[in-house]
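Please look at the structure shown here before reading on.

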Amino acid sequence: MPEFTAEDLRVVIRGTVGVDDSVDLDGDIVDVPFGELGYDSLAVLEIANKIQKEFGVAIPDDLIVELETPRKLIGFVNQEGAVAS
Amino acid sequence: MSAVVTGLGVVAPNGMGAEQYWSAVCDGKSGIDRIRRFDCTGYPVTLAGELASFDAAEHVPGRLRPETSMMSHIAFAAAELALADARLDPADLPEYERGVITANATGGVEFGQRELQNLWSQGPSHVSAYMSIAWFFAATTGQLSIRHKLRGHCGVVLSEQAGGLDALGQARRALRADHRMIMAGGTESALSPAGVVAQIPTRNLSTRAEPSRAYLPFDADANGYVGGEGGALLVVEDADSARERGAPTIYGEIAGYAATFDPRPGTGRPPGLQRAMRQALADAQADPRDVDVVFADAYGVPELDLVEAEAISAVFGPYGVPVTAPKTMTGRIYAGAGALDVAAALLSIRDGLIPPTVNVTRLAAGCSIDLVREGPRPSQVRTALVLARGHGGFNSALVVRAA
């Protein structure tokens, strides 16, 4: 699997859960907790669903709360993607 | 204590915002047309009062749009309009003395249909996580509570098409208990194939294709109703609290309210509408002679029209009070209809005008009512009675009075 980048994540987010008016998604967000970006656990679940559909990496529901920043989520997807391929 | 309306948030097929809607209904301008939201070719029902130019992106923040259905999108717009009209920031009131009560009859059906289609055609992982909340009847109340920090009494009333009045009745009760402000009303959107088809088995929808000949309440040619989307949310406040904060407009008081339920068919007992009307008047300490106009439920179904016309005649005498049904220009907006009619009644009080009932040409036999068809009819209006009924036997009546 090609690397899953922050830009890929931004595209997924825009296409699924949308962006809060007060958030600059193109800014430096990789270490900002999803909660502070306006995404509750349901929103992250929605993002994870989309990643599974588009990139083929399943993210277990119980792991979602632990992947609390974009960096952690991106890291998990790349790690799992590498294992799978 | 009295409950007064200080803000109107209207989203209607014939006008966005209370003023646009009001000028449209006074001009007899209808928003009923052929359904465009989906291809209705082949469906027995092809007409609706659709929000043709409503753009959710204009009214709903980007984060909230994917989480919510059209009924809630409409509610976000209506709530903003109502609060702006009332010049009220709920945060200025004590946290647990501000609440929200909406009515709902059809849920977020277009959202639910889309996700069920995803489930059937692509599988469970393709269903949005927001299917867990967006379609639900109470979703709008929850979303408005979060967005506007309405942290006191939060509720949803399900009484089919009578709900819009029941939500306002509940709001008055909450204000009497311990609240200062309640956002109350209802918004609906059932314009997806599943949403429309679900209404057809009642046999109460018109199957005509000509917009001006379909929804004809009290007419000899009545043949069912046309549905609509939209609705209204009103800011209802304790009168003293509203004056204390300097509310710019007090449209009127919710002076009386009652709800009844029809007896089981076959019992021979009379329908409950007349009892609701009399109880609402008694609750308002009003005499029938005090009432200047009745905003009828106006089902458009011959036997239901007759029940309503007879109830009005029994209380007010034949041709005893002006009766109107501006919903002939929007379609029946399910649980949003009652709140929208209350907005119209309050604007009647403000402007001394009774909006017309359009397209009705010849009253059905037995409908001995003064149905306002020319219009608008100039008339001093101090007290208005608003009626709403829901499928299955719901009857509600609400009295608004100049404050």
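Predicted model: local features only at pLDDT ≥ 70, side-chain atom pairs only at ≥ 80, totals over all residues.

Residues are numbered from 1 along each chain as its sequence is written, and chains are lettered from A and ligands numbered from 1 in the order in which they are written.

Chain A has four helices and zero strands (helices are DSSP runs of H or I with at least four residues, strands are runs of E with at least two, and both are numbered from the N terminus). The order from the N terminus is α-α-α-α. The radius of gyration of chain A, taken over C-alpha atoms, is 12 Å, close to the 12 Å that the globule rule gives for 85 residues, so chain A is as compact as a globular protein of that length. That rule is 2.2 Å times the number of residues to the power 0.38. Along the principal axes, the C-alpha atoms of chain A fill a box of roughly 40 × 25 × 20 Å. Of the 85 residues in chain A, 28% are buried, meaning that 20 or more other C-beta atoms, placed from the backbone, lie within 10 Å of the residue's own.

Confidence is given as pLDDT, the predictor's score for each residue from 0 to 100. Chain A averages 92, and 98% of the residues score at least 70.

Where the two chains touch, chain A gives 13 residues and chain B gives 10; two residues are in contact if their C-beta atoms, placed from the backbone, lie within 7 Å. Helix α2 (residues 41–55) of chain A supplies the largest share of the chain A side, six residues.

In chain B, the UniProt annotation "domain: Ketosynthase family 3 (KS3)", from an unreviewed entry, covers residues 1–402; such annotations may be inferred rather than shown by experiment. An automatic or database domain assignment divides chain B into domain 1 (3–245) and domain 2 (256–401). The contact between them takes 61 residues from domain 1 of chain B and 55 residues from domain 2 of chain B. On the domain 1 side, α6 (163–177) of chain B is among the contributing elements, and α6(B) gives the most, with eight residues.

Terms used. Buried ≥ 20, exposed ≤ 12 C-beta atoms within 10 Å, placed from the backbone.
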